[in-house]
Amino acid sequence: MGQLEAFGVLEPGFLTTVQDLGRFGFSQIGVPPSGALDPFSLRVGNLLVGNEEGEAGLETTIMGLRLKAMREAVIAITGGDLFPTLNGELLEMWRSHLLVEGDMLNFKGVRKGCRAYLALHGGIAVPEIMGSKSTFLPGKFGGLEGRALKKGDILYTLDIPTSFDKIGGRFPTDLIPTSEKETPLRVIPGPQDHHFTELGFQTFRSSFYQVTAKSDRMGIRLEGPKIERRSDVEESIISESLIPGAIQVPGDGKPMIILNELVTGGYTKIATIISTDLSKVAQLKPGDRVRFEPISAEEAHQLLRKQEGRLKNFKESFQHR
Amino acid sequence: MGDRGLLLEFGDEISREINEKVRRMALASQSEAIKGVLETVPTYRSLLVLYDPMVLSIKDLKKRLESIEERLQQSSFPKPKLTRIPVVYGGNYGPDLEFVAEYHLSTPEEIIRLHGSRSYLIYLIGFMPGFPYMGELPEGLVTPRLKTPRLSVPAGSVAIAQKQTGIYPMESPGGWQILGRTPVKMFDPMRDPPAYLQMGDKVQFFPIHEREFEEWVN
């Protein structure tokens, strides 16, 4: 299929990458999933513009991305509210819009959250590498030449007819994830929760932790009360697998949340954040405060079924719209 | 581990026996192709089974894995493949060779000979794409990490730390002692398979001359 110029990048902003839902099946050779940190938002964005849920879109961070439409395009912006404007006017998020050639899209800065997603009907056309279009920054492959967008880049899309039937479609307001200022993140304890004292685990579950500036797509470092370790265990363990949402506690006793670009680690993991709360994690920015709330795997699975059920209902009703 | 992962632990140390058990279990579960299992990730001493809770319940998954484990000894297991890897030792290619020799009150020649004197098992590919963790080094090579890690280690660097040896597939920061460099490309996302080496296989190093390095690259 042919490709068409969709957007010119006037300013790349703080950090903007091409991401789909990730690259799976290669952890065994050291390749992490990458992909959208807030997969829920990317999936909804894709549905709003008539794409498959897993199509590649843009993930943009904090502020500053400026794009110029080079042709007619159906788009939707989801995720964190980075004050998106179209030709200077505030653009409504969580709904699809028709852009015409010459339109200017601007992300002016954080109003809420940290990462926004731009979905485009036809997707962002980049080569699929190892089964995914996601950018893996430290590995320098995937997405647009394995790097973040830069000024002067041209983004291409597949040459398919514009789907006018989706324009103006909205995602129901009551289904949009809310990110409160002091978000409780639900976790499942383990696999090394027994490396900490009872008091240590109590500290972990009852304290507020602050997101530091040492945070990126690999992980989020937190500042707060030190989590006490048992005196008869070592600080590090033999390296083993990590997954997004795993919470490592290094020697300094301060937890760090693992995100999408690491495969193995040698620090103890006190708990793992549940799948449905990973979208909240993606919206954390330096200065935000979090706390952790242990729940059971069964409860987590119920929450997941609820979320997936709602998304499926939306998908079905939207497709027949 | 979380609501999508089940971590199976097989011991608490780095050993060939434990690592082989992990790999046996990984292969057996992969060949079983359980519906709802997305990926199985073996490491030194544990196996992470990633599953889709919308398709497979944790209870059913545990049952299936237990039954696989019971039949583990009868499961087929491939013999390790030996790969010989050329290395230019010392000089700009191996900036820590002299230090390692001094540390062991030895000579660079002896360190090179020792490093190539046996084959190493690949315990794990991790940390970055295609990075093999291999062991065990002979006693006379066991060396601590650098006190201050380097900000940049060139791709292909062959290095040691404690009892292990490894190869940096791409340029990155790193704290291992660099003995030399191989012209063999350890990882290429456009190649199939992307990683040159596989967990469970064996590697033996052999020295080549600087001139040959360029020939290998071309």
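**Entry 1. Chain A, two domains**

I looked up the spacing of the domains in chain A and found that the C-alpha centres of domain 1 of chain A and domain 2 of chain A lie 28 Å apart. I note at the outset that this is a predicted model. The domain assignment of chain A puts residues 3-175 in domain 1 and residues 184-303 in domain 2.

I then asked how many residues each domain brings to the contact. Domain 1 of chain A gives 21 residues and domain 2 of chain A gives 13 residues.

I checked which elements of domain 1 take part. On the side of domain 1 of chain A that touches domain 2 of chain A, α1 (39-48) and β10 (112-120) of chain A each supply at least two residues. The most comes from β10(A), with three residues. I sorted the residues of that side of domain 1 of chain A by type and got 11 nonpolar, eight polar and two charged.

**Entry 2. Chain B, overall**

I moved on to chain B. I counted five helices and 12 strands in chain B. The C-alpha trace of chain B spans about 55 × 35 × 35 Å along its principal axes. Chain B has 218 residues, of which 41% count as buried. I also looked at sequence separation: of the contacts in chain B between residues at least 6 apart in sequence, 62% join residues at least 24 apart.

**Entry 3. Chain B against chain A**

I looked up the contact between the chains, which takes 31 residues from chain B and 33 residues from chain A. Which strands of chain B each supply at least two residues of the side that touches chain A? I found β1 (5-9), β2 (37-42), β3 (46-51) and β5 (120-125) of chain B. I noted β2(B) as giving the most to this side of chain B, with four residues. By type, the residues of the side of chain B that touches chain A are 21 nonpolar, six polar and four charged.

**Entry 4. Helix α4 of chain B**

I picked helix α4 of chain B, residues 108-115, and listed its buried residues: B:Ile111, B:Ile112 and B:His115. I asked why they count as being on the same side of α4(B). They cover an arc of only 100° around the axis, and therefore lie on the same side of α4(B). I recalled the general rule that an α-helix has 3.6 residues a turn, so residues three or four places apart point the same way.

Last, I looked up what the buried residues of α4(B) pack against. The partners are β4 (82-89), α3 (97-103), β11 (177-181) and β12 (202-207) of chain B.

Notes. Residues numbered from 1 in each chain as written. Chains lettered and ligands numbered in written order. Predicted model: local features only at pLDDT ≥ 70, side-chain atom pairs only at ≥ 80, totals over all residues. Buried ≥ 20, exposed ≤ 12 C-beta atoms within 10 Å, placed from the backbone. Contact = placed C-beta atoms within 7 Å. Nonpolar A, V, L, I, M, F, W, Y, C, P; charged D, E, K, R; others polar. Arc of directions from axis to C-beta. Domains from an automatic or database assignment.
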